[in-house]
Each structure stands twice: as structure tokens, then as C-alpha cells.
Amino acid sequence: MIRDITLGQYYAGESVIHRLDPRIKIIGTILFIAELFIVHDFIGFAFCGAALAIIVGVSKVPPAFILRGLKPILLIIIFTFCLNIFMVDGRIIWQWGFLKITVEGLYTAAFMGLRLVLLIIGSSLLTLTTKPISLTDAIERLLRPLNRIGVPTHEIAMMMSIALRFIPTLLEETDKIMKAQQARGADFESGNILSRAKSLIPILVPLFVSAFRIAQDLAMAMEARCYRGGKGRTRMHEMKFAGRDVAAMITLGVFLVVIILERIYL
Amino acid sequence: MEKIIRIDNLIFEYTQGEEETPIKAINKISLEIEKGSFTAIIGKNGSGKSTLAKNLNGLLLPSGGTIYVKSWDTKDDNHIWDVRQTAGMVFQNPDNQLVSSIVEDDVAFGPENLGIEPQEIRKRVDQALESVNMGKYKKKAPHLLSGGQKQRIAIAGVVAMKPECIIFDEPTAMLDPKGRDEIMQIISELHEEGITVILITHFMDEAVRAERVIIMNEGTILLDGSPSEVFSKGETIKEANLDVPLAVELAGRLRKRGIKIPQNIITSEGLVAFVCQYK
Amino acid sequence: MSIQVRNLSHIYSKGMPDEQLALSNINFDIYDGEIVGVIGHTGSGKSTLLQHLNGLLKPDSGTIMIGNTDITAPGVALKEIRRRVGLVFQYPEYQLFEETVAQDVAFGPKNLGLSEAEIADRVEEALELVGLDYEDIKDRSPFDLSGGQKRRVAIAGVIAMKPHVLILDEPTAGLDPGAHQDILEMIEEVHGAQNNNIIFVSHNMADVASLSDKVMVLDNGKLVMVGTPQEVFSQKQRLESIGLNVPPVTNLMYQLKAGGISINENVLTLKEAEEELYNYLQRKMI
């Protein structure tokens, strides 16, 4: 059913990775991506891959579940792989017309392909082990310094969390409206593009009306509960670094040093 | 008795579309609500009952007249948050008043806005959820709950702000019978704990539970008194396009045919007790 | 038009871990011109059943005959089903979208491919049938109407398709007593004028008792009782065991009986209760 769609593919669990402070996880993910670009050979990737494998193991997210997440972007991976294989000049090992495969091309293609796969697995691990709402909370706190230069960080985070709250509601609403119009004989599937686009009007108008009604109701409910922006507001969940967060931070730092050393000396 | 809300000659006008002359949703109402009381306000759609409710905590401001919550004028910007914390509000649509995608975070929303210490919020959230029997749902997502459960979360969200008065604006209109019973049960419990309850509704069997019933019609107060006083005026109520409780209707019909049933019988239990005297 | 449902089952999320049997082996007949009330608590499968009757959902097994057509057979045109079976959802006012009331009501008939003249006739007829003044309301925006009016416009939008079977999912939900009464009268009016089958879902047992020829009770995806209102509502204990009630007036009579009053408790309307109580009290009070 439409209401079962989970956003950002969160995989519920109680592992250490799940319980880490979301800020650490965001910073860790950013560092990991940077490291993938610092690395310049397969030995470096071996380090990164091993680290990632350990994290996946600890998180207890089934690898099959992670690989399924790669499916939608498989096409992009294949595309970059082919692009590299055919476009890089060097020692030719196979040629057909203007298409040629070179040793250097194979190397670059494998290198780029591996980087992309690691990058996607690394960042999907963040959303797999962190609830969307914790992510928005963490983003609000990480962006807080920008408050000083006038960026409304609290409002941005509030908007994101309200969007998360109402996506299922609006999906359900859309489903209801579609069925109601179908019961009145509406047809969304046949005809050319123009008539199909026109057939969306009976869905979109009521959906917008609903969205505005929800917005109005919600604004009033928030005001009634004394909402007045981020100023003077406290939070029930204080984000405090626990021992495991400090340990994670040290590990991240050590790993960064290892990667840099690898780049320089190996 | 101490008055928690005082309404003095309240007028509320609004303009619709491009029309010039404003419509009077509320036309000179004066009213006092006693601390700790349970008042039901009944009226058909458009009678001004919801407008009145939203005036009570400053969500709408009077066009004329004044409303005091405790000692604060709702028009006074300096005390608007005191007003809203004192008089909390639960709305009709259970979906559209929940802010967070996790139940306990939603209940925490009000106290967070009040700037309360985190440990204290935690305590209040747990207590509030227990008081509406939703403790075991605290980590759930609201959209997976039933209408009645969502409405209980909304009530917990208000209770966690420790208000002295809660205004319920047709809280059961969108619920099934089971959900309605749950909510009415919780409202009664909150009243017993000392919270002033103002219940806006058009279900008569809910109004019978109140200590005081106010019937509104076309922006004015039509009847005001104890349930038995108000429901004894069945004809007036029907003229305002409203139902009377079942027992009142039956007793009225029997009275017309010469059966002497006392006027103070307004509930089914009362009627049963009366008839059972004659075995 | 008669309806025959045989061995109807429906499974949600088939093959997934959260697989759920929503309807389980449902069998019933509805005869020409009957008004049928469907009761059951939230989640009992009422909405799922209704959506099968006009082809919005396909059964996993079983057949649904509307008249002489099996609408579950492969290749049955959806348009043909919708022409026969009209479905009004809960809170139908939220589906209004056109600029004027008349245009909105015309949406269904237009989708049936009727002629302009025929559509215009049907729109006028449907709006009058739901108790609205056609001339007064046809050019107004549906978004400017009162809640009760909006609901009637939305219902008119389905009635204008002249279905042989009209299905209404909780048609009075959320309305105040006046608008509630209007909708009940409207249902009887439409039934009288179009002589169709009407199937409606309600949580209001008094409405079900007073309107229905037949009552169907759903619990947990199963059809557990079918019968006249008298038959169904005389089984108070069985209804209570699945979280349902008898009409308030019936309940009152049961309470009197329990209090030791010898009175007929199988009463469904206020009028009957009045007579019973009058006869009893007149004898006893003098």
C-alpha cells in the first residue's frame, strides 16, 4: 500500500551504528566521500572498502538490502564504466572502427566504477541507519553556526521535518482522490501526452486544496501550542556526545591520517 | 468561584471574498467560565461556536469587546503566550494538528516551545502519554495510528503544556464510535483531575455529560444552563436545527400524551431509573 | 439491478511480509431495488468490499455479478462497470475541482461519453434530486459552498451518471444534525426517483435501522451477519462481541428490560419505542 513507502530507506535496528550521534554519521559520511577522492590507487580503495565492510557488518544491515539500493543507479555505473573504457587513450588492446579499448582505459574505468560504488554504499549507509527525523535534527545543529550570518537554520529544519511528517498523509490523500475520480469515470492511462496531462487536473486541484487546508490547520495548531520560531525553544532530545561518539570521532580521524599517509608513501 | 475566562460583549466580524459588508460570526456575547468547570457549547455549523472557541485563546482576536483569560486580555501581545499556555486547544481533524513524524516528539512540541528544561519535558511527555493510554506508542509514526489514537496524541500534546483549561473544538466529529468513546472518556478524566473543559460539539449525548450547556445560534447564545434546564426546552433547541438527546425526545413525546415524566430526566439512565419505579 | 457476490477474497500486499487477508470468502446477494446498510468497525473490510463492487480493486479470487455481467472477468470495460455502479467516497467534497458546480457535476457524465444535451439534462436533474436549487447554484464555485452543500454537489456528481447501484461510504460523516438529516432524506429521495440499489456504510446504527432493507455486518474481513434490521439488531450480544452496537433507542429498551420491566426490547425506531413505553406506563402509572 502507498502508506508503506519509507523515505530514505531507513532500516530499523539497534546497532552501535544506529545509535551513533547523527552529526557524527553525517560528518563521517562527508569525510568518507572526501577520502574516496584523496585515494589514487587500488590499495587505497582496499582500505576504504575494508572500512566500509566493517561498518556494514557492525550495523547489521543485510548486505543484500544495501545491494538492492544500488539497482536504480546501476545504469549510471555502467554508463561511466563504458565512457571511461572507450575514451581513454593509451596502449590499445582491442579496436573496432573508432571504438578502442586501452589498458589505461580499463584501469580508469575500474577505478571510477569502484569509487562510485563505494560512494553510493557509503552514503546510503547513512540513511539506512539514521531516521529521517534525526537527520533533519542533526542538519539543523550542524548548520547552526550559519545562523550568525542570517541563515534561518531552525526554519529550514522545521520545514524539512514537517515535510517528512506530511508526505505519507499527502500520498494517502492522493490515492483517495485518484480513486474517487476513477469512480467518476476518469481515465489517467490512455490518450496522448496532452490529454493525459489534462486528466491530472481533477487530481491536482483537490490535492492543492487539501494541502492548503492542511497547512492552514497545522499553522493554527502550531500557534495554539505556542510555537514562535526557534528563539527560546528547547529540545527534549539533547544531542550529547556519548563515549561511543568520541570513539567514533577518534576512529574517523585515525582513518583519515591513514588514507593521507597511504597517498603520500604508497 | 474563580473565573478562568471572562467574555465581555464579544463581537467577531469577517469579510468574505469581495463583499464590503462584514459578516457577524459572533454578535455581542458575554459569558464567564468557572475554573474547574465542564461546559459544552453546541450549535449547528455556522452558529459561531468554532469562532468563539478560537477567540478564547487568541487564535482569533475580537472585532469588538474583550476576552480575559485569567487576568490577561487576549489582545495584549505581551501575554499572548501566557494565554495560550493557560487555555490549550484540541482541534477537529486529528491528522492536521500533529507536527512530528514520531509520537513522543509531537507531544514534546508544546513544552519545547515554552522553553522548558529537557529532563522536565521528558517527564511531562511520558506522563501525558500515559494519561491518554498511549505510552506504548511513543516511538510510532502518527500516520500509522487510527483516528482516535491520533486524537489522543493531540490531547497529550496539550496536556504536556500543563494548561488550566482545554478547549476541545469538535474533537470527535471525524472519529468512529469507538474513537468517540475513547476521547469522551479522556475528557471526563481530565475534568476530574481539575482541568477546566470547554467542549464544542454537535453530539447531544456528549453534551449531556457536561455541567453546563450553552446553545449557540446565529452568533448569539440561545440557551445557557445546566443540562436539565437546557434540554427541557426541547422546542427551542429543535428550532435551532439541532437534535435533543434521545431520552429528552422520548420523554417529551410521552409527556404530550399525558404521561407525567419529570423535566430533569435527560439521559437514558435517568429515563430507565424513572420507568423502573413502576413495576 | 441485482448483485451476486461469490467466494470473494482479497489479500493486501500479497507475497510481502505484511501480507494481510482483507476480505475472506464473502458471499451475498442483493436484489433489485434494495437499500443495504453495511456496518463493521474501522478496518473490518467495508471500504475494501465497496471498492471491489465498482472495479477499483480486483479480487484475488471469487466473482461479482452485477446484473448479468461478471465484472471480475478479464476484458470487462471499466467504463461499463462505472456506468452501472456509482461509488461515493467518504468526505466526497474533497474531490471537487471544477470552476462551477454544474461543470463539476458534469465530469462523470462527460467521462461516459454522453451528448452535451444529455449531460446538461442530467446535471440539472441530479442537482435538484440532491435538494439543491439548480438555477441558484449551477454557476457558483463549489469551493464557496457550506460543508453540507459541497457534500451534496459531490454526491450529485455520481448520481448524474445514473448508476443502477449507488454506493455511499459514510455519507453523513462529520455533518451537523441538520445536514445529517438532509442527507438521509436525500438518499430516500434518490432511491424513490431512480429506483436503484443503494449500498451505504454507516457507524450510525439508528440510520442503518431506519433506512435499510438489509443489513450486512463485517468483522475482520468476514461477512458475519446478513439480514433485515430486525434480525440483525435483535442479536445485541453478538454485535457487542465484535465491537458494534444496536441503535440507541434499542439499547434503551434493552436497559429497561434488564431493569426488570416487561417490555418488547426489539424496537428499532423512536415511534415504536414511544408506543411501547406509552402502553406500559399508562397501565402502570395509574
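**Where the chains meet**

Me: How many residues do chain A and chain C bring to their contact, and what makes it a contact?
Reply: Chain A brings 18 residues and chain C brings 23. The word applies because heavy atoms of the two sides lie within 4.5 Å. Before we go on, this is a predicted model: local features need pLDDT of at least 70, side-chain atom pairs count only at pLDDT 80 or more, and totals for chains, interfaces and linings use all residues. Residues are numbered from 1 along each chain as its sequence is written, chains are lettered from A and ligands numbered from 1 in the order in which they are written, and side-chain values use heavy atoms, with hydrogens and water left out.

Me: What area is buried between chain A and chain C, and what does the term cover?
Reply: About 1,700 Å², with carbon and sulfur atoms giving 62% of it. Buried area is the accessible area (1.4 Å probe) that two parts lose on being put together, summed over both.

Me: Why is the pair R184(A) and D104(C) called a salt bridge?
Reply: The rule asks for a side-chain nitrogen of Lys or Arg within 4 Å of a carboxyl oxygen of Asp or Glu.

Me: Which elements of chain A give two or more residues to the side that touches chain C?
Reply: They are α8 (153–183) and α10 (201–224) of chain A, and α8(A) gives the most, with seven residues. Helices here are DSSP runs (H or I, at least four residues), as are strands (E, at least two), numbered from the N terminus.

Me: How does chain B meet chain A?
Reply: That contact takes 39 residues from chain B and 32 residues from chain A. The two chains bury about 3,300 Å² between them, 56% of it on carbon and sulfur atoms. W81(B), N96(B) and H143(B) supply 21% of the area that chain B buries against chain A, more than any other three residues. The rule finds five salt bridges here. One of the pairs meeting in a salt bridge is R233(A) with E112(B), at 3.0 Å from N to O.

Me: What share of the side of chain B that touches chain A comes from α3(B)?
Reply: The largest one, 10 residues. By class, that side has 19 nonpolar, 12 polar and eight charged residues. Ala, Val, Leu, Ile, Met, Phe, Trp, Tyr, Cys and Pro count as nonpolar, Asp, Glu, Lys and Arg as charged, and the others, Gly among them, as polar.

**Single residues**

Me: Why is T172(B) called buried?
Reply: Buried means under 20% relative accessible area, exposed over 50%, and partly exposed in between (1.4 Å probe, protein chains only). T172(B) has 1% relative accessibility, so it counts as buried. It is found in the loop between β7 (165–169) and α6 (177–192) of chain B.

Me: What makes T172(B) and E206(B) a polar contact?
Reply: A polar contact is a pair of N or O atoms within 3.5 Å; within protein, one must be able to donate a hydrogen and the other to accept it, and residues adjacent in sequence count only if both atoms are side-chain atoms. The side chains of T172(B) and E206(B) make theirs at 2.7 Å.

Me: Why is N264(C) called partly exposed?
Reply: Its relative accessible area is 36%, so it falls in the middle class. The residue sits in the loop between α11 and α12 of chain C. Leaving aside neighbours within four places in sequence, N264(C) is in contact with M253(C) and E276(C).

Me: How many disulfides does a search of the whole structure find?
Reply: Zero, over all chains. A disulfide is a pair of cysteine sulfur atoms within 2.5 Å. As for the cysteines, C48(A) is buried because its relative accessible area is 0%, and C276(B) counts as buried at 19%.
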